[in-house]
Amino acid sequence: MSAIPLVPGGHIHEWHLPSRGRVGMYCLIIGESAIFTIFVVAYVFYIGKSLYGPTPQQVLDVPIFNTICLLSSSVTIWLAERAIERNSIRTFGIWWAATIALGLVFLTGTAIEWYKLIYRDGLTISTNLFGTTFYSLVGLHGTHVVVGLSMLLLVLIFTLTGHVRQEHSERIQVLALYWHFVDAVWVIVFTVVYIIGK
Amino acid sequence: MFPERLRVGWIAGLVVALVVFLSSPAFGEGPQSTPSIFAPVSTPAIEIHNLSLFVLEITGAIFVVVAGILTYVIIRFRARDDDDEREPAQIYGSNQVELAWTVIPVLIVVVLFLTTARLIFAIQDAPKPSTALEVTAVGHQFWWEFRYPRQGFVAANELHVPLSNTNHPSPTYLDLLSADVNHSFWVPQLAGKIDLVPNHPNDMWIDPLHPGLYVGQCAQFCGVQHANMLLRVYVDTPEQFAAWVSNQTKPGVQDPAVAAGRRVFETEACMNCHTVNGTAATGRFGPDLTHIMSRDTLASGAMLNTKDNLRQWIKNPDSFKPGSLMPAMQLSDDQLDQVTSYLATLR
Amino acid sequence: MADRTLPIDGSLDLTPPREREGLLETLHSWVITVDHKKLGIMYMTLAIFFLLVAGAEVICIRIQLAWPNNHFLSPQVFNRFFTMHGTTMVFLVGIPLVFGFANYIVPLQIGARDMAFPRLNAFSFWMTAFGALLLYFSFIGGAGLYGMGNAPDVTWWAYAPLTARAFSPGNATDYWALALIVTGFGTLGGAVNVIATVISMRCKGMTLMRMPLFAWLMLVDSGLLLVTITPLTAAQIMLVIDRYLGGRFFDTQAGGSAMLWFHFFWIFGHPEVYVLVFPAFAIASEVIPVFSRKAIFGYPAMVAASVGIGFVSLGVWAHHMFTVGMTSAGNAFFVLSTMLVGIPTGIKIFNWLATMWGGKIRFRTPMLFCTAFLFQFLAAGLTGIMLAVAPWNWQLHNSYFVIAHFHYILVGAIVFNTFAGIYYWLPKATGRMMSEKLGKWHFWLFLIGFHITFDTMHFVGFEGMPRWIYTYPADRGWNHLNLVISIGGIIQAVAVLIFAYNLISSLFRGEIAGNDPWDAWTLEWSASSPPPDYNFATDPVVHSRRPLWDLKHPEDPDWKYE
């Protein structure tokens, strides 16, 4: 930097700073966690407080299969991350596609569950406190699944057209971080809605 | 010199403000037309006042010391014109100093917290004596409903409570409810304010030690006429209070001379919102009018209770409280005269 | 002033000369820019513009309140004006100031070429601008029945259930919620960007403990924002669900709770005020040392205090709710936490004082504003302690005393130091100094007007005047005080106009600044004024907290003492 020969005690060692993509994603996750926390707090606060209408005990079926699919998708995406690290693009593509498929199964299962709740049980977002907090919280999570799947799909398209290579593994890991976050949020939502709330 | 002017300007401003403040009728015993928090007449307000003086002393001392040091610094260490260009000694910090000015504030906080906590519990958790008067206050947009459940009547906007004294306390306990949005009951000379939150009943108590009229108003924005949701609390001597209660428990005066006005009242939808005891009017949306003429003001303090004001209010509430929820009923002049005469008999 | 141009490679502007651009091309380059300096200027321009707009709103308010039973503004318009004044000042002035200062200065101070995510930066700015447009569109959104398509009028807190469809028909409240959800996304993007920049883009040798305090404070501020703005976004989504989809979040008739809104709003609202004040701390931590000619006293303590304030500020929110009916134990807890947050705040004041002690203080315009800041922030902190005493809060809450307290911070600390920051760094951004003479007129007029208004306001609060009232009875004894308050407002307005004139005229007639007009010590002063697009031709390498001090004082560099 300067032309003056100034030598302080010790020269600069290797200068490594965390990757900005990773830092950025962690920050986004922290912010999103705050949003989810507020919706979870509202859900928990209103447990048992509906004055009328269907209750969780009456209408909720625990979505075991859906949950297994979504949590497994965290495993498949992890396998995909490891694959691209070792430059196995084909394996990466397979596990990546599996992740997307599992995510789609989850979304389909949610849609089926909501269809039943709305048309057979008469529970909508405006029915009572349970309906409002249930659809908001599960819906917020579902929105994040949709956004995540869109990103994953985009990467799958890039992979199939041959644009994804080993040097992108860092970016893949950053995106996978988001997906892991979505799964972690589901663990909490599942516990609060289907276990504690019932 | 800048530092001098800074200090002078600061002190001058403070003196001006103090003079203006002290010249206002904010101090004294008994009711003031200015509802000052420094003129308390009821135990909660008095205790708060005493605590506030203690807090003012501590914070005032802190201000004098720190601002004093700052003033000294800006005078003593300013760059002089005849100064050489050398930089002053660079001091990077001192652990002892940091420790000192951390520990001292912690001690101050401990003292302040303990004195504060003690008063919180004393006021909020004070046990209710059996001699207490119970009143339920319901906040509406933009008026106050006061129910006296044990005495069996409902009043509006002007609250009457009995005088208390320290030897034989007769406090008034208020249950605070809301019919619509958030409101807040604030009569500074009597107590701190507590909010009226729908679906969340609150309570407070007062024991005024000097008779008279104490003013206040709603202190949580509740809509377009929040500014005119005024409070009038009449602290009555035992005789005055007994007389007032006795009058309020009577049904509405039935004067045959104003039968025409009563018919207007009952056919022109007034009875849908208002109650007059002993008649078919049992509406609850607006204030109880059984003893409307026993009140000094109309529309929660918006104007004095005169026949002209009453007539104008019924003709067009927006002329006094634009945005008030009472509609103008489009009555003819005759109908207005008649219904005003009728209401004027409801003492 | 001294311009110590140093033999630093990075300070050379190697940009090849461009042909003169037409107006359209210039505008286009600003609209599509992802450069942190341009975006910083755009944020600052937005903030100053809305400062003037919200200032005009409050001058109208003060005219209405100068006499009892005045008819200058109808109650409906008055309620819209104070709601818009508060909402504008917090979201369209305060937060843009955070990102305006952070965007312009942080990359330069840490030796970086730009922010971590330049396109996200542009996206964040334009989201903020669009949200501002949406909010102000409400004024003309549609005439008609009261409440239909007009500006929000529910206070900037928008307490439920006043915001429910039943009590706020029309679209006014929807403009409030939707506009702020939009700006909220911009804010979240900005915060992510600042954190990633500070963590991942520092130049060689700049460990976190060698970073300028300004950068530290922007880092903590952005971290705080991540968990501050998001609860508000969540609550506003709930409000929109209630208003549009029939949700029951705040529907008290269905068992819903108004208290939930109070908690959610203040979980946002309290840390938000720390978010707003951190730039004032950041500016003070740069200006005071330079104009006292001394290093900041107690750098590690200042870092610790800033982080401490960030964390503790998350646990004090219910001191805005002492009157809503929490339990006595709940009230007591928040008294304690609120008083505790005063301790690291006080430590910062003491460290700034100690920095000035033994210095050679030059009272140029930036330092005048920072000195006034110290007095005013001290006073505001102490009135804050008064408000933390819950029983006294039961009297002072929602009175003009509270308005006086928070304006002492918002104006007395934040606006004063914003002026200091602009006088200090505008020469870097434009290459020209602002006029010292006009600066002094600006300062003294603003100081006098500020104190006339806000000192007096404490007393009218003591006398029982609540907030949010469009008029007051003539017999409450508040008449003279209100007139005095209003007159002070006019004086402040004149001072701000002088500032605006100074700023604009300096762009054309200001003295050329050079790289380092203030003889300062952080990296931004090694670049040219204005810096080239790429900031530094070669990446800087630093060995201490004050790299330029080391170069100017090779016989006594900082790294010997740190």
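**Figure 1. The largest nonpolar core of the predicted model.** Of the 322 residues in the largest nonpolar core, those that touch the most other members are C:Ile195, C:Met218, C:Val287 and C:Phe373; a nonpolar core is here a set of buried Ala, Val, Leu, Ile, Met, Phe, Trp, Tyr and Cys residues joined through C-beta atoms within 7 Å. A residue counts as buried if 20 or more other C-beta atoms lie within 10 Å of its own, as exposed if 12 or fewer do, and as partly exposed in between, with C-beta atoms placed from the backbone. The most to this core is given by helix α7 (residues 258-292) of chain C, with 23 residues, where helices (H or I, at least four residues) and strands (E, at least two) are DSSP runs numbered from the N terminus. Another core, of 18 residues, lies apart from it and includes B:Val258, B:Ile314, B:Val339 and B:Leu346. The model is predicted, and local features need pLDDT of at least 70, side-chain atom pairs count only at pLDDT 80 or more, and totals for chains, interfaces and linings use all residues. Residues are numbered from 1 along each chain as its sequence is written, while chains are lettered from A and ligands numbered from 1 in the order in which they are written.

**Figure 2. Surroundings of C:Ile195 and the contact of chain A with chain C.** Once neighbours within four places in sequence are left aside, C:Ile195 is in contact with A:Val23, A:Cys27, C:Leu219, C:Ser222 and C:Gly223, contact meaning that the C-beta atoms of two residues, placed from the backbone, lie within 7 Å. The contact between these two chains takes 33 residues from chain A and 44 residues from chain C. On the side of chain A that touches chain C, the elements giving two or more residues are α1 (20-45) and α5 (129-160) of chain A, and α1(A) gives the most, with 13 residues. The residues of this side of chain A divide into 22 nonpolar, nine polar and two charged; Ala, Val, Leu, Ile, Met, Phe, Trp, Tyr, Cys and Pro count as nonpolar, Asp, Glu, Lys and Arg as charged, and the others, Gly among them, as polar.

**Figure 3. The contact of chain B with chain C.** Among the two pairs of chains that touch, the most contacts are between chains B and C, whereas no contact joins chain A and chain B, whose closest C-alpha atoms lie 12 Å apart. The B–C contact takes 87 residues from chain B and 83 residues from chain C. Elements that give two or more residues to the side of chain B that touches chain C are the helices α1 (2-22), α2 (43-76) and α3 (95-124) and the strands β6 (183-186), β7 (194-196) and β9 (212-218) of chain B. The largest share of this side, 16 residues, comes from α3(B), and by class the side has 53 nonpolar, 26 polar and eight charged residues.

**Figure 4. C:Arg362 in a loop of chain C.** C:Arg362 is placed in the loop between α9 (328-356) and α10 (365-388) of chain C, and it is partly exposed, with 17 other C-beta atoms within 10 Å. Its contacts, leaving aside neighbours within four places in sequence, are with B:Ala79, C:Phe291 and C:Met367.

**Figure 5. Crossing of helices α2 and α14 of chain C.** The axes of α2 (residues 36-65) and α14 (residues 479-509), both of chain C, come within 9 Å and cross at roughly 155°; axes are lines fitted to C-alpha atoms, for helices over the stretch in contact, and angles run from 0 to 180 degrees between N-to-C directions. The two helices are therefore roughly antiparallel to each other, since angles over 145 degrees count as roughly antiparallel, under 35 as roughly parallel, 65 to 115 as roughly perpendicular and the rest as oblique. The residues making the contact include C:Gly55 and C:Val58 of α2(C) and C:Gly489 and C:Ala493 of α14(C), and by class the contact has seven nonpolar, four polar and one charged residues.

Figure 6. Most residues other than glycine have a negative phi, and most peptide bonds are trans. A cis peptide bond with omega about 0° joins B:Gln141 and B:Phe142, and B:Phe142 lies in the loop between β1 (133-140) and β2 (143-148) of chain B. The peptide bond from C:Ser529 to C:Pro530 is also cis, with omega near -5°. C:Asn398, in the loop between α11 (390-396) and α12 (400-430) of chain C, has a positive phi near 60° and is buried, with 23 other C-beta atoms within 10 Å.
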